[in-house]
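The sequence and structure come first, followed by the computed values.

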Amino acid sequence: MSDLEPLLTAQIVPPERAADFLRAMDIEIEDLYAAVAAGERAAGALDHFAPPMAPGFVRWVELVAELRRRLAATERWFPDNRRGQPASRHIASRRTLAVMSGDAATGSAGSIHGPHVVRRKGMATADSFRPDEVLFPLSALRPAARSGGALAGTWVLLYCDDGAAVRLEVSQPSGFDEDSGQFTGWMVRVLLDDWRPGDRRPGDRRGPESGLESGLGAATDLQLFRSVA
């Protein structure tokens with residue numbers, strides 16, 4: 001991904017401040033880690049008969065489902081789907097939280113080349129920025145606003161499984177480039193401590209070499225995968 005342009009970031013929240021910052025948004029950091037763990041369990045349950053892209057896709061599906069399940073249980077969020085883009089929407093502020101796989105810069109404050117999403121996003125994501133779509137409304141892509149004392153707008157949980165740990169951040173994009181299929185920058189990046197499983201088994205097909213990160217080639221016509229993961 002060396003051909004990608006550096007992304008600008010207005011504010012970085014370090015891991016030691018992440019829990020309080022996210023709690024102000026009605027997001028408990030424990031729910032994020034629990035969702036990641038659920039995704040890892042689902043991917044790890046597959047055997048070698050599963051297709052090469054299956055672990056990455058199954059990981060994403062279960063991560064999204066568990067996170068939306070936990071957020072909905074607070075009665076402050078509800079699951080929302082726009083053009084195949086699964087997200088959670090905050091009832092009071094109307095902010096949205098989606099889940100996407102990020103590159104190696106995910107969770108790192110030091111990289112100027114990121115984070116970028118792993119897979120170029122297609123029309124579903126581009127359309128979600130248009131005024132007639134509400135998942136990523138253009139009005140939300142401004143300096144972080146506040147609603148009832150909490151941040152409002154569009155947010156993305158980015159995750160990157162490097163084979164040893166899962167890097168995480170919850171970030172607010174500043175815009176989207178339809179030509180590159182990438183976010184153009186970040187208003188806020190909330191960096192989390194890595195999630196590290198205690199029992200990865202030898203032979204587990206995880207990390208950048210499996211699943212959505214590289215298992216779906218450019219010729220693979222799976223638009224839903226490319227749009228939402």
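## Salt bridge D162–R167

The side chains of D162 and R167 form a salt bridge, with N and O 3.2 Å apart. A salt bridge here is a side-chain nitrogen of Lys or Arg within 4 Å of a carboxyl oxygen of Asp or Glu. Side chains of opposite charge can pair when their charged atoms come close.

D162 has 29% relative accessibility and counts as partly exposed; R167, at a relative accessible area of 23%, is also partly exposed. The classes are buried (under 20% relative accessible area), exposed (over 50%) and partly exposed in between, with a 1.4 Å probe and protein chains only.

## Basis of the values

The model is predicted: local features need pLDDT of at least 70, side-chain atom pairs count only at pLDDT 80 or more, and totals for chains, interfaces and linings use all residues. Residues are numbered from 1 along each chain as its sequence is written, and side-chain values use heavy atoms, leaving out hydrogens and water.

## Other salt bridges

The structure holds 13 salt bridges. One of them joins R189 to E169, with the closest N and O atoms 2.7 Å apart. This pair links distant parts of the chain: R189 lies in strand β9 (residues 182-191) and E169 in strand β8 (residues 166-177), 20 residues apart. Strands are DSSP runs of E with at least two residues, numbered from the N terminus. Both R189 and E169 are buried.

R196 pairs with D194 in a further salt bridge, where the closest N and O atoms are 3.4 Å apart. R196 is exposed, at a relative accessible area of 56%, and D194 is partly exposed at 32%. Salt bridges also link D31, E62, E66, R69 and R70 in a network.

H90 is located in strand β3 (residues 85-90). Its relative accessible area is 5%, so H90 is classed as buried.

Which side chains make polar contacts with the side chain of H90? One is that of D26, at 2.7 Å; another is that of S93, at 2.9 Å. A polar contact is a pair of N or O atoms within 3.5 Å; within protein, one atom must be able to donate a hydrogen and the other to accept it, and residues adjacent in sequence count only if both atoms are side-chain atoms.

Leaving aside neighbours within four places in sequence, H90 is in contact (heavy atoms within 4.5 Å) with M25, D26, R76, W77 and R95.

How values were computed: Helices (H or I, at least four residues) and strands (E, at least two) are DSSP runs, numbered from the N terminus.
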